[in-house]
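Thanks for coming, everyone. I will walk you through one structure, starting with its pockets and ending with its salt bridges. Please have a look at it first.

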Amino acid sequence: MFAHYVVDAWIEDTVKPLSAGKVAAFRYADDLVICCQYASDAKRIKEALGKRLAKYKLKLNEDKTKLVKFSKAKESGGEKQESFDFLGFTFYLGRSLRGKVIPKVKTIGKRLRSKLKKVNEWARGIRNQKPLGEIWKTFRAKLQGHVQYYGVSFNSKSVSKFLYAAERILFKWLNRRSQRKSFDWDKFRLYTTRHPLPRVKIYCRLF
């Protein structure tokens with residue numbers, strides 16, 4: 001409720017009425033994206049937001065706060081636009097199958113590497129602690145959660161990359177268990193055939 005008062009209500013009640021063009025804000029917890037029709041509005045809002053937060057003893061994260069060019073019209077006109085990160089996704093402008101400039105998303109590269117690192121740490125630590133059935137059940141749940149969150153239009157390639165890498169990470173550590181319990185690749189593929197892992201699926205279509 002505090003963030004709603006300090007940021008959301010302020011944007012609706014004060015910022016929008018005083019702006020020359022359209023303004024839209026999207027916030028989740030302390031992550032915020034403000035879209036402005038005009039660059040002049042964006043510059044003023046950025047400065048005013050810093051002062052607004054300071055009034056309540058809060059502070060902008062200067063490393064993450066920036067102005068970004070993001071216009072479909074200008075991209076179509078040949079002016080190169082930029083990208084930005086929000087809630088685990090990189091937002092960028094690309095082209096549809098018909099050649100129209102549209103917003104697209106992909107998993108943030110740094111986030112993808114971080115999640116694979118966590119899979120590696122988990123698989124390494126659990127490989128000798130639980131029966132294979134329990135490991136597999138947890139692993140499937142982890143993959144399914146990733147697919148459901150990142151399964152967004154245009155992001156199939158990133159999701160597929162994560163699933164491919166995660167599966168091979170698990171195989172590596174299962175193959176390093178005791179000789180009696182370890183897997184070679186043929187046995188691993190046979191097990192995955194009998195107990196399929198989640199695959200790429202689009203849960204949220206942007207267009």
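**Pockets, a patch and salt bridges**

Let's start with the largest pocket. Its volume is about 2100 Å³. Of the 49 residues that line this pocket, L32, V33, I34, K66 and F84 are the closest to its centre. Which elements give two or more residues to the lining? They are α1 (2-18), β1 (23-28), β2 (31-36), α2 (39-55), β3 (84-86) and α4 (109-126). The largest share comes from α2, with seven residues. By class, the lining has 26 nonpolar, seven polar and 16 charged residues.

Before I go on, a word on the source. This is a predicted model, in which local features need pLDDT of at least 70 and side-chain atom pairs count only at pLDDT 80 or more, while totals for chains, interfaces and linings use all residues. Residues are numbered from 1 along each chain as its sequence is written, and side-chain values use heavy atoms, with hydrogens and water left out.

Now the terms so far. A pocket is an open set of points on a 1 Å grid over the protein atoms alone, where a 1.4 Å probe fits, with protein on both sides within 12 Å along at least five of seven lines; lining residues have an atom within 4 Å of a point. A volume is the space filled by probe spheres set on the points, which are joined across faces, edges and corners. Helices (H or I, at least four residues) and strands (E, at least two) are DSSP runs, numbered from the N terminus. Ala, Val, Leu, Ile, Met, Phe, Trp, Tyr, Cys and Pro count as nonpolar; Asp, Glu, Lys and Arg as charged; the others, Gly among them, as polar.

Next, the second largest pocket. Its volume is about 150 Å³. What lines it? F89, F91, P103, V105, V152, C204, L206 and F207 do. That makes eight nonpolar residues, no polar and no charged. Strands β4 (89-95) and β5 (101-107) each supply at least two of the lining residues.

Take F89, in strand β4. Is F89 buried or exposed? It is buried, because its relative accessible area is 8% (buried is under 20%, exposed over 50%, partly exposed in between, with a 1.4 Å probe and protein chains only). F89 and V105 are 16 residues apart in sequence, yet 6.0 Å apart in space, C-alpha to C-alpha.

F207 is another story. It lies in the segment after α7 (185-194). F207 is exposed, at 63% relative accessible area. Together with F154 and L206, F207 makes a nonpolar surface patch of about 310 Å².

Last, the salt bridges (a side-chain nitrogen of Lys or Arg within 4 Å of a carboxyl oxygen of Asp or Glu). How many are there in the whole structure? The search finds six. In one of them, D8 meets R27 at 2.7 Å, N to O. This pair links distant parts of the chain: D8 is in helix α1, R27 in strand β1, 19 residues apart. R27 is partly exposed, at 30%.

K16 and E12 form another, at 2.6 Å between the closest N and O atoms. They are four residues apart in helix α1, so about one helical turn separates them.

D41 pairs with R44, the closest N and O atoms being 2.7 Å apart. D41 is buried at 1%, while R44 is partly exposed at 48%. Finally, E167, R189 and R199 are linked in a network of salt bridges.

Notes
Patches are made of residues with over 30% relative accessible area and no salt bridge: like charges are joined within 9 Å, nonpolar side chains (Val, Leu, Ile, Met, Phe, Trp, Tyr) within 5 Å. Accessible areas come from the Shrake-Rupley method with a 1.4 Å probe; for residues, only the protein chains shown count as cover.
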